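The paragraphs after it lead from one chain as a whole to its parts and then to its partner.

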Amino acid sequence: MNKVATAAAPKKARGGSRIGRFLADNGALVGLFVLGLALFIATPDFLTGPNLLNIGIQASVIAVLAFGLTFVIVAAGIDLSVGSVAALSAMGSAWIFSEGSMPGWIALIGGLAIGALSGAVSGFAVAYGRLPSFIATLAMLSIARGLTLVISEGRPIGTAPEVSFLGGDLGVIPMPIIVLVVAGLVAAFILNFTVMGRYMYAVGGNKEAARLSGVPVRKVLVTVFTLSGLFAGLAGLLLSGRLDSAQPQAAVGYELDAIAAVVIGGASLAGGIGRISGTLVGALVLVVIRNGLNLLNVSSFWQQVVIGLVIAVAVGIDSLRRKNQPH
Amino acid sequence: MKFSAPRKAAVLTMSLALALSATACNRGEEGAEGSTSATLALSTLNNPFFVELRDGAEAAAEEAGIELEVVDAQNDSATQTNQLATAATSGTDGVIINPVDSDAAAAAVAPLIDADVPVVAVDRAVNGAEVESLVSSDNVAGGRQAADALAEAMGEEGKVIVLQGVAGTSASRDRGAGFEEGIAAYPNIEVVAKQTANFDRAEALNVATNLLQANPDVTGIFAENDEMALGAIQALGDRAGSEVKVVGFDGTEDGLAAIEAGTMTATIAQQPAELGKRSVEVLEQLLAGETVEATIPVPVTTVNSENVGEFTE
């Protein structure tokens, strides 16, 4: 429970100034600013209104996926299926609309339901089947991708207008950014201001201690995976909405981006630590790097190297900082 | 590690589920009854192009009375190697391989060649192993054709960005090389940026948006496949087709629809169904003891608003 307490309450007076403490607690945010500053110096195209909106739009899918994943990682689990579940939700939604000839709003809700259901299945396998989450969600990764192919027969399907709206604009503000903000606020609320959210930290900090203090561990586990699936479903709808079509190969490998975003954001894969705001910053770091590399026209061979290095450095600095920090 | 019985059962069920989900999408439709059987080992069915290739091959196999088993490697070289090893031991009469990776495929086909099973490569070559024949589109010529189509639409002047495919794949290399060669003939056209979007529509939407930020005065985009061209069109919005000309590659259903809608200027149509059909025909010839050419080019065609009707039917 020690970790829970650390994560829950802001730290009492430690050495160093208020600013120093803020920087130490927000390593990823500092990294994001340094990255932004470097790009601002390197190219005049980076710090422009339209480009910042682009970054927001491009971060939306990964950020929403990563928000859902944050619940799981806080509870000391992992969800490898988020990319596949996103694709399945998008494809299921498009299928309900195009092949099932149902109204668009049913397709929208159906897509979210498919995501939540897939997550719940993983959750039950972990909580009651006692499978390690790595294995359960690895199975779901394959099952969801396979079902996506079965439904689509390997071809893209057009989305409902209600889903496409998610990828469009509301006045001057792009919808993906609105979805990103709303999803982030909801996720942060669940994690910080609900009993279930506090239970997630408790289970992640020490499962046995949580169980002994009366936390319904299995219920918590099912909840975190269901939420992860629901957010993955939303991310899938967002992605297909941006393209006006659900792609069978959509979001392949996105689970790795989502994990990277959560970890860059300061969460611990050992559980008990993690914040939605950190995850958002992590997603922005990944997107800003890709955006910057495009703007600078860096060779595609080098891009993967650079992205890998930034992840390693970001997480490396963060874990060094944690080591020097009293618990 | 100790497992309790129910836990063991759960693990077993899960792995079974895994295995089932992997095979469920692999199983092609049963071919017609026939004495000869063949295996079509595809890199992926997660792409309309290879689905069409499979459909063409299945139709040709049915006509020839060959029982065609289709396996899907899901873009994993190791899976493909295993599938071919299985094919070699299951007594298949011939194999058509669409390699996940041209280099890795050599080891995969070696046991087949040792067992004197004829192997035909389709769409991508097998490097370093003697397959009987390669049936493929001419990607370099296609790249040149794309350059001509784009240059013509742009009035032979202006700035161009190129969306590249998966780095290091032969399709990306050949199309890119052909395009570069072709566009060099137009001195007033400048390629201002080249970036990869990994043949993916969603990624192309992001990458094209980013590149248009850095190069707002671009009037032409060449994408090394239609999926990326469609992502670029999404990024361009109303400007696609009018202010900015987009040329893709592959001639997929969605690509052809974009040409009909006027948002895409041209695409270089490969004929995936024809690739599948030709490869089965070549295998049929081999099984009949005939000799075949080492490379069998399947023509690519420039599709634009004038001839798009012939391809959509």
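**A walk through chain B**

Of the 313 residues that make up chain B, 53% count as buried, where a residue is called buried if 20 or more other C-beta atoms, placed from the backbone, lie within 10 Å of its own, exposed if 12 or fewer do, and partly exposed in between. This is a predicted model, in which local features need a pLDDT of at least 70 and side-chain atom pairs count only at pLDDT 80 or more, while totals for chains, interfaces and linings use all residues. Residues are numbered from 1 along each chain as its sequence is written, and chains are lettered from A and ligands numbered from 1 in the order in which they are written.

Chain B holds 11 helices and 12 strands, which are DSSP runs numbered from the N terminus (H or I over at least four residues for helices, E over at least two for strands). The domain assignment, an automatic or database one, divides chain B into domain 1 (25–131 + 272–297) and domain 2 (139–270), and the centres of these two domains, taken over C-alpha atoms, are separated by 31 Å. Between them, 6 residues of domain 1 of chain B are in contact with 5 residues of domain 2 of chain B, two residues being in contact if their C-beta atoms, placed from the backbone, lie within 7 Å.

Two sheets can now be followed in turn. One is an open sheet of 6 strands in chain B, with the order 2-1-3-4-5-11 and parallel pairing, where two strands pair if DSSP finds at least two bridges between them. Strand 2 (66–72) and strand 11 (295–298) of chain B each have a single partner strand and stand at the edges, so one side of each is left without a neighbour in the sheet. Strand 1 (residues 36–42) of chain B runs parallel to strand 2 of chain B and is joined to it by 7 bridges, and B:Thr39 stands opposite B:Glu69 in strand 2 of chain B.

The other open sheet of 6 strands in chain B has the order 7-6-8-9-10-12, with mixed pairing. Here strand 7 and strand 12 (301–304) of chain B are at the edges with a single partner strand each, so one side of each is left without a neighbour in the sheet. Strand 6 (residues 158–164) and strand 8 (residues 218–223) of chain B run parallel and are joined by 5 bridges, with B:Leu163 opposite B:Ala223 in strand 8 of chain B.

Which parts of chain B touch chain A? In total, 31 residues of chain B are in contact with 35 residues of chain A, and the elements of chain B that give two or more residues to this side are helix 1 (5–24), helix 2 (48–64), strand 7 (189–196) and helix 7 (201–214). The largest share, 10 residues, comes from helix 7 of chain B.

Finally, the confidence of the prediction deserves attention. The pLDDT is the predictor's confidence in each residue, from 0 to 100; its mean is 86 for chain B, where 89% of the residues reach 70 or more, and 89 for chain A, where 91% do. Over residues 20–34 of chain B, however, pLDDT stays under 50, and over residues 1–15 of chain A the pLDDT is below 50. Where pLDDT is low, the predicted coordinates should not be read in detail. For the complex, the predictor gives an ipTM of 0.74 and a pTM of 0.74.
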